[in-house]
Every structure is written in structure tokens, then in C-alpha cells.
Amino acid sequence: MYEHFNPLQLESAWLQHLLFLLGAGILGYLIGFLKSKNTLHHLEAEIRQIEFDLDQCHKGLYVPKPTVRTAGPLPEPIVAPPAEEAVQPFAVVPHEEDDLKKIEGIGPKIEKLLHEAGIKTFAQLAVAEPSHVMSILRAAGSRFQIQDPNTWPRQARLAQEGKWDELRAWQQELQKGKE
């Protein structure tokens, strides 16, 4: 009845089958373990990004990332209402970016990092926690980790308030400490 499982009529065929099943089980377990570990790392990174976005939202600094449209049905077209129902459009005020390079310690590359993180104005930098700014710098690589963003919010507040003379004087004091 079971001759097809032991075509060579070996007495130890059951042992061979057992070892084969054991090997397949171990291999299956390892593949599943590695795949779940990879999935876990991916989900943890996604959670960290969501927590970061939530923190930015609480601080009023969140800028949503543009979404990429996937293939699928197109949405219904938007049809303008008849002229008598038309509503006057709101005036769109362009969101200007401040020159963050005016802050001592911020150069073009760090300014770009801050812009990508949603910090584009002196007001946003003034309310940003230095630890949050440092996490942005750490994420960008080791060459940005030597910067000390602890004075940046105060400098940004002075720039936001237009106190340029006071800002320059304080920056000169900061530069004296580096010499």
C-alpha cells in the first residue's frame, strides 16, 4: 500500500522521511521568522513616522506629504455650479519661506533639511524643540550631528520679531565662544 513512499525498499526509509520533514519544518520556520522580522522593522519605522507626524501636528508644524495616486478609477470630475450659485473664491495667501540661513549654525544644506521636515519660517523654528531639530539632523547623517540647535529657536524668535540688531549682537557672542 505504501510502496511508492519507499521505492528502493530500504528499511530506514521512515527515518529519511522524518529527517526530510524535520528539515523542511526548520527551513519553513526560519523563512517565516526572517519575513516576520522584516515586516516588524517596516511597521516600527512606519509607527515612528506616524508618531513624528503627530508630534508635528500637535506643535502646528505638520506639512502633509504629497500623495502619489495609484492606478485605479479616476474620481468624478468637479463641475462648477451655475453662475447664480457660484461663491467668490477665497484669497490665497502664499506661504512664504524665511531665509533660515540667517540663523547662526544653519547653512544651505541644513536649511534644506529643515524645509523637508516642514520648518520653513522663523515662527516655526522659534517653536520647534531643539531635541526635535536634533533628531532631524541625526536622521540626515553624522556630518550634521555636530551642530547644536539649542540657540536656534531664540535666534528665530528675534528674527521673527524683526530684532536684527539684537540678533547680530547675540550671534557675535556665539561666534566668540567658538574661537
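A charge sits over a ring when NZ of Lys or CZ of Arg is within 6 Å of the ring centre and within 35 degrees of the ring normal. The model is predicted: local features need pLDDT of at least 70, side-chain atom pairs count only at pLDDT 80 or more, and totals for chains, interfaces and linings use all residues. Residues are numbered from 1 along each chain as its sequence is written, and side-chain values use heavy atoms, leaving out hydrogens and water.

**View 1. Charges over tryptophan rings.** The charged end of R154 sits over the ring of W170, 4.0 Å from its centre. K102 places its charged end over the ring of W164, 5.0 Å from the centre.

**View 2. The pair Y29 and F33.** Rings of Phe, Tyr and Trp (its six-membered ring) pair if their centres lie within 6.5 Å; planes under 30 degrees apart are stacked, over 60 edge-to-face, the rest tilted. This rule gives 2 aromatic pairs. Y29 and F33 have ring centres 6.3 Å apart and planes at 20°, so they are stacked. Y29 is exposed, at 57% relative accessibility (exposed is over 50%, buried under 20%, partly exposed in between; 1.4 Å probe, protein chains only). F33 is partly exposed, at 41%.

**View 3. The pair F122 and W164.** The ring centres of F122 and W164 are 6.1 Å apart and the planes lie at 70°, so this pair is edge-to-face. F122 is buried, with a relative accessible area of 6%. W164 is partly exposed, at 29%.

**View 4. Around E97.** E97 is partly exposed, at 45% relative accessibility. Beyond its neighbours within four places in sequence, E97 contacts H115 and K120 (contact means heavy atoms within 4.5 Å). The C-alpha atoms of E97 and H115 are 8.7 Å apart.
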